[in-house]
Amino acid sequence: MGDNTRHASETVERFLDSTLESVDRAEELAVGAAERAGFDEDDLMKIGMAVRESMVNAVVHGNRYNENKKVRLSVTRNSSRFTVRIADEGEGFDFDGLPDPLASENLMRTSGRGIFLIRSFMDEFQVRRLDPGGTEVTLVKYMVSK
Amino acid sequence: MSVKLNVRQVGDVSVVDVAGRITLGEGSSALRDALRDLVSKGQNKILLNLGEVSYIDSSGIGELVSGFTSVRNAGGELKLLNLTKKVQDLLQITKLYTVFDIWDSESNAIIAFK
């Protein structure tokens, strides 16, 4: 694959059902686009996991598996940024109120690590409330010229 | 795509060979069921062989923590064997690497059970 192909712009957009199958589908789509963008295996794993964790939040905590609600996935890339946006139609979630999973009192908790992993694996992570309802997360990985 | 589990007995230690993906849904619930089943049968020396685990998400990590706690509460021990680099990295960034008893050699791990 030549550099021109690797760094060409690309946009993928899907409206996905609120199911765990959609979590797998979103991960496949994002990792496929990241692979075409030229990310190495380590970054592909990080992007895939960040997308998976974000999709789980959208499907499970946002839309609560509601079959009437969709999750919008968009993946875009240009020469400098690989961006994934995931939006649900849920009632919103207080991302700032999450306990620190690395604090000693939380270390043995069985949940609460998803957002921490997303922040660890991506270069940027933003959350915004949508009007009239829903939450959109934006995940960004910087493109590195090879 | 999902997880495969095989339980074998080595002396009084139950070795659970795990292969595939431990993720929310089928993967994590299969692991939870296998560990619960062993503990309910009084098998509380458990060695979890993760050598063929290609992927684990936060739900899978939660199942490892849950299994560790439930086996310990039953008076036993759960140890981990053959971590792939991906799983090892995940346990390190979540600060769980020092919580679990982690081994590279099955025979040494088995000897280490009290």
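**Exercise 1. Describe the overall build of chain B.**

Step 1. Of the 114 residues in chain B, 43% are buried. Buried means that 20 or more other C-beta atoms, placed from the backbone, lie within 10 Å of the residue's own; exposed means 12 or fewer, and partly exposed lies in between. The model is predicted: local features need pLDDT of at least 70, side-chain atom pairs count only at pLDDT 80 or more, and totals for chains, interfaces and linings use all residues. Residues are numbered from 1 along each chain as its sequence is written, while chains are lettered from A and ligands numbered from 1 in the order in which they are written.

Step 2. Check the size. A compact globule of 114 residues would have a radius of gyration near 13 Å, and chain B agrees because its value is 13 Å. That radius is taken over C-alpha atoms, and the globule rule is 2.2 Å times the number of residues to the power 0.38. Along the principal axes, the C-alpha atoms of chain B fill a box of roughly 30 × 25 × 20 Å.

Step 3. List the elements. Chain B has four helices and five strands. Their order from the N terminus is β-β-α-β-α-β-α-β-α. Helices (H or I, at least four residues) and strands (E, at least two) are DSSP runs, numbered from the N terminus.

**Exercise 2. Which strands are the edge strands of the five-stranded sheet in chain B?**

Step 1. The sheet is open, with the order β1-β2-β3-β4-β5 and mixed pairing. The edge strands are β1 (4-10) and β5 (101-103) of chain B, each pairing on one side only. Two strands pair if DSSP finds at least two bridges between them.

Step 2. Neighbouring strands of this sheet are turned by 25 degrees against each other on average, direction ignored.

Step 3. Strand β4 (residues 77-81) of chain B runs parallel to β5(B), joined by three bridges. B:Lys79 has B:Asp101 in β5(B) as its bridge partner.

Step 4. α2 (residues 58-73) of chain B lies across β2 (13-22), β3 (45-56) and β4 of chain B, at about 140 degrees to β4(B). Axes are lines fitted to C-alpha atoms, for helices over the stretch in contact; angles run from 0 to 180 degrees between N-to-C directions.

**Exercise 3. Trace the strand pairing around β2 of chain A.**

Step 1. Strand β1 (residues 10-17) of chain A pairs with β2(A) in the antiparallel sense over eight bridges. A:Glu13 is bridged to A:Ser74 in β2(A).

Step 2. β2(A) also pairs with β3 (residues 81-87) of chain A, antiparallel, over six bridges. Three residues separate these two strands of a hairpin. A:Leu73 has A:Ile86 in β3(A) as its bridge partner.

Step 3. Sort the faces. In a regular strand the side chains alternate between the two faces of the sheet. In β2 (residues 70-77) of chain A, the covered face holds A:Val71, A:Leu73, A:Val75 and A:Arg77. The uncovered face holds A:Lys70, A:Arg72, A:Ser74 and A:Thr76.

**Exercise 4. Which element gives the most to the side of chain B that touches chain A?**

Step 1. 15 residues of chain B are in contact with 16 residues of chain A. Contact means C-beta atoms, placed from the backbone, within 7 Å.

Step 2. Two or more residues each come from α2 and α3 (85-93) of chain B. α2(B) gives the most, with six residues.

Key: Contact = placed C-beta atoms within 7 Å.
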